[in-house]
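Please read it alongside the sequence and the coordinates.

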Amino acid sequence: MKILMVTAEAVPYAKTGGLADSVASLARELQKGGDDVRLLLPLYRGMDELHRKNMYPLPHPLAIHLGREHWARVHELIEPSGLRVYFLEYQRYFDRARIYDDHDEGNGRRCAFADNPERFALLCRAALDLPGLTGWVPDIFHCHDWMAGLVPVFLETRDRNGPLRHSASVLTVHNLAHQGYADRSILAFAGLPSDLFRADRLEACGGVNFLKGGLYFANKLTTVSPTYAEEIRSAEFGCGLQDVLNFRGGDLLGIMNGIDGTSWDPASDPLIPHHYSRDRMEGKALCKKDFFHNHFPTSDIGSPLFVAISRLYAQKGLDVLADVLPKIFASMDVRVAILGAGDRNLEIKFCQLAAQYADRIHVTIGYDEGLAHRLEAAGDFFLMPSRFEPCGLNQLYSLRYGTLPIVRSTGGLRDSVLSYDERTGSGTGFVFHDLGNRALYDTIGWACHCYHNRPDHMDIMVRRAMEQDFGWTRSAARYRECYRWALESKGA
Ligand code: ADP
Ligand code: GLC
């Protein structure tokens, strides 16, 4: 099958979160299985020179047919695996330091670019105009999140009878909280008919909602875990789109993300100081020892280490952790390491905790791939008390690294972590339900209790966690099935 992934992010080229990991590793897995997969993403300013050196511009510029014609350059990069990546160069929109927003270093505030709708409408239209330039017509346009939400809209309206009439679209929702709102004038900008401005099409709250449009028009819909696929049909998790999700419920699948087992393998990870595997666990203890040596030099290595690596936004529930930490430090002998960036107030709160409890908590504000790997390897437990979590990758990395996840029972966390049962020692982590200070405090206490009093259970759980298979093979097969259904429903 010929599949074009349309995305704003993909590793190693551009990343703000798990979307980039998920799209890229799915694409590579499908390609490995024999499909002809290509990626289309914008060429951002920050892309490092290494990638730029390996890109070649296509010989002709691309005419992008929005309300008026825009001209762009497309660069192609062929990865060693054969995967082709197209980078859309349109400087006015994408030659910026950050992907979605301005970041004021002074006050730490982020402000979404006002022209985000125009920027990503251009990306969407480019996806449909690209086949005219390359001669390569995708069977499937696989669209990721709101940034690609207009692709199915174009495909089923303006491109309905053209050369793409046999192509189908699949829209994957990685996070329903981001929907892409625009003024109604975006329809004229995009060259889309004004009669799409209806509550049962693209209109929402008096504006245009890109994701809603995609949800209406895509041939099949997926999201990144079975539980989240259920949750988003309710008012609690539907972010206002539960009606359209119920309307399209028969076409909605929950397919769990996999992880890239090459970059995230404790037996060969070049970013961690000591390697280990289920049968040779000494390396994990040495990783912890190194971390303590560097950051908690006076602490007893016997204290459990709880780690968290995350965007610091309400979704992730780490504000609750910040609230309970003083109480935890007062009653439990634990060490905590946090790596993250996001909400300025939360960043400040964690920094204050680090100043107050320097021998108990180590905080790094920022984005640091190497430290993320070292923390996964050094930790005993991984904290992920998310309010909602479409899939979550860090709990999957943690399982692989034998760092038992402590998670709230929601979305992909619920689908991937089995709670500890103290009678039998079964489970792969610690699961709690209410997102309140009390529940998180109790669950951390529960994990400490197990760590100190049931080393036999800890040992079995760590090994069991490391045995879990969250590779892409199964999930990629489900996407293939979904593509076939999309083509069938298109009548191709
Ligand atoms: P989300 O996409 O909602 O942020 P995921 O768990 O799906 O959550 O993915 C987060 C990804 O971003 C993971 O690959 C994680 O390791 C990475 N990540 C998040 N914050 C940081 C950080 N501060 N430093 C390094 N990696 C980070
Ligand atoms: C989103 C979600 C996260 C998911 C990731 C990749 O960023 O917040 O839960 O793992 O996308 O699908």
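The lining of the largest cavity is made up of five nonpolar residues, one polar and one charged, where Ala, Val, Leu, Ile, Met, Phe, Trp, Tyr, Cys and Pro count as nonpolar, Asp, Glu, Lys and Arg as charged, and the others, Gly among them, as polar. This is a predicted model, in which local features need pLDDT of at least 70 and side-chain atom pairs count only at pLDDT 80 or more, whereas totals for chains, interfaces and linings use all residues. Residues are numbered from 1 along each chain as its sequence is written, chains are lettered from A and ligands numbered from 1 in the order in which they are written, and side-chain values use heavy atoms, with hydrogens and water left out.

**Cavity**

- The largest cavity has a volume of about 30 Å³; a cavity is a set of points, on a 1 Å grid over the protein atoms alone, where a 1.4 Å probe fits but cannot get out, and lining residues have an atom within 4 Å of a point.
- The count comes to one cavity of 30 Å³ or more, with grid points joined across faces, edges and corners and a volume taken as the space filled by probe spheres set on the points.
- Its lining consists of Ile259, Leu396, Leu399, Arg400, Ala465, Gln468 and Phe470, and helix 14 provides the largest share, three residues; helices (H or I, at least four residues) and strands (E, at least two) are DSSP runs numbered from the N terminus.

**Second largest pocket**

- About 380 Å³ of space lies in the second largest pocket, a pocket being an open set with protein on both sides within 12 Å along at least five of seven lines.
- Of the 16 residues that line this pocket, Lys284, Ala285, Asp380, Tyr451 and Val462 lie nearest its centre.
- Helix 10 (282-295) and helix 17 (455-467) each supply at least two residues of this lining, and helix 17 gives the most, with five residues.
- By class, the lining of the second largest pocket holds eight nonpolar, three polar and five charged residues.

**Ligand 1**

- Ligand 1 is surrounded by 20 residues, of which Gly18, Arg311, Lys316, Gly366 and Leu393 are the closest; a residue is near a molecule if one of its heavy atoms lies within 4 Å of it.
- Among the polar contacts (pairs of N or O atoms within 3.5 Å), a polar side-chain atom of Arg311 lies 2.6 Å from an oxygen atom of ligand 1, and a polar backbone atom of Leu393 is 2.8 Å from an oxygen atom of ligand 1.
- Taken alone, ligand 1 exposes 560 Å², and the protein buries 92% of that, with accessible areas from the Shrake-Rupley method with a 1.4 Å probe.
- Strand 16 (305-312) and helix 1 (18-32) are among the elements that each supply at least two residues of this shell, and strand 16 gives the largest share, three residues.
- The shell around ligand 1 divides into six nonpolar, eight polar and six charged residues.

**Ligand 2**

- Ligand 2 is surrounded by 13 residues, the closest being His174, Asn257, Glu389, Cys391 and Gly392.
- A backbone N or O atom of Gly392 lies 2.8 Å from an oxygen atom of ligand 2, and a side-chain N or O atom of Gln315 is 3.1 Å from an oxygen atom of this ligand.
- Taken alone, ligand 2 exposes 310 Å², of which the protein buries 93%.
- Ligand 2 lies between domain 1 (2-258 + 473-489) and domain 2 (282-467), because both give residues to its shell; the domain bounds come from an automatic or database domain assignment.

Note on methods
A polar contact is a pair of N or O atoms within 3.5 Å; within protein, one must be able to donate a hydrogen and the other to accept it, and residues adjacent in sequence count only if both atoms are side-chain atoms.
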